[in-house]
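Subject: Structure handover

Hi,

Here is the structure I promised to pass on. My notes follow below it.

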Amino acid sequence: MTNALMRGLVAAVLALTPFASSAPVHAAETLPLAQAVASLQPAVESRDGYSRSAFRHWTTGDDPADGCNTRNEVLLDEAVEPPEVGAGCRLTGGRWFSYYDSTWVTSASGLDIDHIVPLAEAWDSGAFAWTSARREAYANDQGAATSLVAVTARSNRSKSDQDPAEWLPPVADVHCRYVVEWVGTKLRWSLTADEGEVAALNQVAESCEGWSVTYEPAA
């Protein structure tokens, strides 16, 4: 009963958010990291009703004419050394850098495309109230360079659906970058954050002097 009530309140807030500002819907904003964390809407999270199938992903991507799905388009965008593209967008060769674990990868099959804010976490944070079309847009979001990232399958599966209170990249030097991308994605999609998550974000932000978050609200 409590979860249902909280979800109803969160859904109402999300529905009203676009009308709360006179700024253009797509106006990009840059905030110091600590201020960006403070801008997150707090809420109690619940995974009730979640199914990964609620987020249709790896669709035809930003360019349906290229024959590549979202996954392969991200791989092509993030390749340090571009792979060869064969029939059916089959990728061979190429070289990528997985920043989570500071690992070079030379085969596309060794990479996962990670949602910086996992699908389950997005559901908990407000996507439960979205239409299926908006969830699909989120799951395939190439409108922000940091929404999707190519990383080793090992690091992605270690992260799973955990938030920064439960998991941070094993390479400590990239924690500021990771938190900036996490917060930027949540602000881009007007997703909420729970108490433990905000505490973890603030703890990392304390050692990220000079870092800022730039995000553009999703359509």
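Start with Ala43, which lies in the loop between helix 2 and helix 3. Helices here are DSSP runs of H or I with at least four residues, strands are runs of E with at least two, and both are numbered from the N terminus. At 13% relative accessibility, Ala43 counts as buried. The burial classes are: buried under 20% relative accessible area, exposed over 50%, partly exposed in between, with a 1.4 Å probe and protein chains only. Ala43 and Ser125 are 82 residues apart in sequence, yet their C-alpha atoms are 7.7 Å apart in space.

Before you go further, note that this is a predicted model: local features need pLDDT of at least 70, side-chain atom pairs count only at pLDDT 80 or more, and totals for chains, interfaces and linings use all residues. Residues are numbered from 1 along each chain as its sequence is written, and side-chain values use heavy atoms, with hydrogens and water left out.

Aromatic pairs

A pair of aromatic rings is described by the distance of the centres and the angle of the planes. Rings of Phe, Tyr and Trp (its six-membered ring) pair if their centres lie within 6.5 Å; planes under 30 degrees apart are stacked, over 60 edge-to-face, and the rest tilted. The search of the whole structure gave 12 aromatic pairs. Take Tyr50 and Trp123: the ring centres are 6.1 Å apart and the planes are at 65°, so this pair is edge-to-face. Tyr50 lies in the loop between helix 2 (33–38) and helix 3 (70–78), and Trp123 in helix 4 (residues 119–124), so the pair ties together parts 73 residues apart in sequence. Tyr50 is partly exposed at 25% relative accessibility. Trp123 is buried at 9%.

Tyr100 and Tyr178 are also edge-to-face, because their ring centres are 5.5 Å apart and their planes at 85°. Tyr100 lies in the loop between strand 4 (96–98) and strand 5 (103–105), and Tyr178 in helix 7 (residues 175–188), so this pair ties together parts 78 residues apart in sequence. Tyr100 is buried, with 0% relative accessible area. Tyr178 is buried too, at 0% relative accessibility.

One aromatic cluster is formed by Tyr50, Phe55, Trp123, Trp130, Tyr138 and Trp189.

Charges over rings

The criterion is NZ of Lys or CZ of Arg within 6 Å of the ring centre and within 35 degrees of the ring normal. Arg95 lies over the face of Trp104, 3.9 Å from the ring centre. Arg134 has its charged end over the ring of Trp130, 5.2 Å from the centre.

Strands 6 and 7

Strand 6 (residues 111–115) has five of its five residues buried. Leu111, Ile113 and His115 cover one side, Asp112 and Asp114 the other, and all are buried. Strand 6 runs antiparallel to strand 7 (residues 148–152), joined by five bridges; two strands pair if DSSP finds at least two bridges between them. Asp114 stands opposite Val149, and His115 has Leu148 as its bridge partner. Five of the five residues of strand 7 are buried, so strand 7 is largely enclosed by the rest of the structure.

Helices 7 and 8

Helix 7 packs on helix 8 (residues 195–205) at about 135°, with the axes 10 Å apart. That makes helix 7 oblique to helix 8. Axes are lines fitted to C-alpha atoms, for helices over the stretch in contact, with angles from 0 to 180 degrees between N-to-C directions. Under 35 degrees is roughly parallel, over 145 roughly antiparallel, 65 to 115 roughly perpendicular, and the rest oblique.

Best wishes
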